[in-house]
Amino acid sequence: MSRPDTGDRFDDDDYPAYTVGSAAEMIGATPAFLRALGQAKLIEPLRSEGGHRRYSRYQLRLAARARELVDQGTPIESACRIIILEDQLEEAHRINEELRATGRGQAPDELGDGPA
């Protein structure tokens, strides 16, 4: 009997490795809090073959940030919106850095294509 290759799964931030109970415990919240984050469209857990919610490390980082904001008094819907905007900003910064690294983010005169 051969074993499946799981090496990549351990490094994959998007692999849904955590059950709702273990995910809630990891971030110090309740399963109901995680369900509320799903209802607010912050995270959408994947489902196991049996229909159980499964969360990834990436989703747990978002949920932990939501818990932090809610603990500070931010309403859950507002906390979710803040996190979505933070995530979008982080992605935009990442793309900007990639473009700068390849030279595609430079203005034409910086590339030597502008007027002499």
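Guide: Let us begin with a term: a residue is buried under 20% relative accessible area, exposed over 50% and partly exposed in between, using a 1.4 Å probe and protein chains only. This is a predicted model, in which local features need pLDDT of at least 70 and side-chain atom pairs count only at pLDDT 80 or more, while totals for chains, interfaces and linings use all residues. Residues are numbered from 1 along each chain as its sequence is written, and side-chain values use heavy atoms, with hydrogens and water left out.

Visitor: Is Lys-41 buried or exposed?

Guide: Lys-41 is exposed, because its relative accessible area is 68%. Most residues other than glycine have a negative phi. Lys-41, which is not a glycine, has a positive phi of about 70 degrees.

Visitor: Where is Lys-41 placed?

Guide: Lys-41 sits in the loop between H3 and strand E2 (46-47). Helices (H or I, at least four residues) and strands (E, at least two) are DSSP runs, numbered from the N terminus.

Visitor: Which residues touch the most other members of the largest nonpolar core?

Guide: In soluble globular proteins, nonpolar side chains tend to be buried together. A nonpolar core is a set of buried Ala, Val, Leu, Ile, Met, Phe, Trp, Tyr and Cys residues joined through side-chain atoms within 4.5 Å. The largest one here has 17 residues, and Leu-34, Leu-37, Leu-42 and Ile-43 touch the most other members. Helices H2 (20-27), H3 (31-39), H4 (57-71) and H5 (76-102) each give two or more residues to this core. H4 supplies the largest share, five residues.

Visitor: What does Leu-37 touch?

Guide: Contact means heavy atoms within 4.5 Å. Leaving out residues up to four places away in sequence, Leu-37 touches Leu-42, Ile-43, Ala-63, Ala-66, Ile-76 and Cys-80.

Visitor: At what angle do H4 and H5 pack?

Guide: Axes are lines fitted to C-alpha atoms, for helices over the stretch in contact, and angles run from 0 to 180 degrees between N-to-C directions. Angles under 35 degrees count as roughly parallel, over 145 as roughly antiparallel, 65 to 115 as roughly perpendicular and the rest as oblique. H4 and H5 pack at about 130 degrees, with axes 9 Å apart, so H4 is oblique to H5.

Visitor: How do H2 and H3 cross?

Guide: Their axes come within 8 Å and cross at roughly 100 degrees, so H2 and H3 are roughly perpendicular to each other. Val-20, Ala-23, Ala-24 and Ile-27 of H2 make the contact with Pro-31, Phe-33 and Leu-34 of H3.
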